[in-house]
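Please look over the sequence and the three-dimensional model below before reading on. The paragraphs after it go from the whole chain to single residues.

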Amino acid sequence: MFEKYAQDYYMGKKTTSDILKEESIDYWGLYEIMKNEGFSPYRSVCNNLETNDKSLKKLLRGKYAHITLRCRGGSTDTYGHYLGMDYLSIIEWVDFCNKNMVRIEKLWGDYLNSGKSLKFAVSIDRINNEKGYLIDNMEFVTHGYNSWKRSAIRPIMAKLRDECEWGYFMSCQEAGRRLGIRFQDLGEILAGNKYVNKKYQVKLSSEKDVLMMNNVETLEDYYNKYYIGGLK
């Protein structure tokens, strides 16, 4: 009997109460059926998270609830950007978390040690924004990195006109900060405005070249070096 509900149940689309009402049975009757058919209650699945930190367990359960709410058009998706996106089941989520628990606990520890600074909070990054919350499209990162990655990247190369060596940056804002100049000047040069600061030269670059020229392998390494490490 429960098999027909299993997929929706484990994806948060149908609650225990929904099933009780449809089948006209009580909680104990449903749980007995689930046990006999080899299914675990939702809460028992959540309890399989392999960490002893109760607060972290609560956080990870909340992350999954947030994912389901977003993809089903809940209140956290005001503009409908996530409605209809694919997402994994709670069983798959717990397995994914357990396989990444070393990484998660490291991020969680850094967050606590930072005094619970938001930029160090544990966040889920979708590697490809066109795809949903699926195992091969998710990674655990910090909130700061996730926000920066989605809003601040426009790779450029810039230098003073009389210098030979170019500097490589992920955005005009970052170039301005590291070079000590107005980032608006760099943006105006890229836009081809007639009246611009003639002291500088700016060209579009690529994420690959910016990483290579700054001796880092990944975008996250770059963020940690120049935004967390604070190097200028």
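Of the 232 residues of the protein, 39% count as buried, where buried means under 20% relative accessible area, exposed means over 50%, and partly exposed lies in between, with a 1.4 Å probe and protein chains only. This is a predicted model, in which local features need pLDDT of at least 70 and side-chain atom pairs count only at pLDDT 80 or more, while totals for chains, interfaces and linings use all residues. Residues are numbered from 1 along each chain as its sequence is written, and side-chain values use heavy atoms, with hydrogens and water left out.

The protein contains 12 helices and 5 strands; these are DSSP runs numbered from the N terminus, helices being H or I over at least four residues and strands being E over at least two. As for overall shape, the C-alpha atoms fill a box of roughly 80 × 35 × 25 Å along the principal axes. The radius of gyration is 24 Å, whereas a compact globule of 232 residues would have one near 17 Å; the radius is taken over C-alpha atoms, and the globule rule is 2.2 Å times the number of residues to the power 0.38. Among the contacts with a separation of 6 or more, 54% are between residues 24 or more positions apart, a contact being heavy atoms within 4.5 Å.

The accessible surface of the protein comes to about 13800 Å², and 49% of it belongs to carbon and sulfur atoms; such areas come from the Shrake-Rupley method with a 1.4 Å probe, and for residues only the protein chains shown count as cover. There are 35 positive and 31 negative side chains, and the centres of the two sets lie 7 Å apart. In this count Lys and Arg are positive and Asp and Glu negative, with His and the chain ends not counted, and each charge is placed at NZ of Lys, CZ of Arg, CG of Asp or CD of Glu.

Met11, in the loop between H1 and H2, is buried at 11% relative accessibility. Leaving out residues up to four places away in sequence, Met11 touches Tyr64, Thr68, Tyr87, Leu88 and Ser89; Tyr64 is 53 residues from Met11 along the chain, yet their C-alpha atoms are separated by 9.4 Å.

Thr51 sits in the loop between H4 and H5 and is buried, with a relative accessible area of 5%. Its side chain makes a polar contact of 2.9 Å with the side chain of Glu105, and a polar atom of that Thr51 side chain lies 3.2 Å from the backbone nitrogen of Asp53. A polar contact here is a pair of N or O atoms within 3.5 Å; within protein, one must be able to donate a hydrogen and the other to accept it, and residues adjacent in sequence count only if both atoms are side-chain atoms. Thr51 and Val102, 51 residues apart in sequence, are 9.5 Å apart from C-alpha to C-alpha.

Asn137 lies in the loop between strand S1 (122-126) and strand S2 (138-142), and its relative accessible area of 3% makes it buried. A polar atom of the Asn137 side chain is 3.0 Å from the backbone oxygen of Gly132. Beyond neighbours within four places in sequence, Asn137 is in contact with residues including Asp125, Arg126 and Lys131.

Most residues other than glycine have a negative phi. Ser24, in the loop between helix H2 (16-23) and helix H3 (27-36), has a positive phi of about 55° although it is not a glycine, and it is exposed at 65% relative accessibility. Asn215, in the loop between helix H11 (207-213) and H12, likewise has a positive phi of about 55° without being a glycine, and is exposed with a relative accessible area of 70%.
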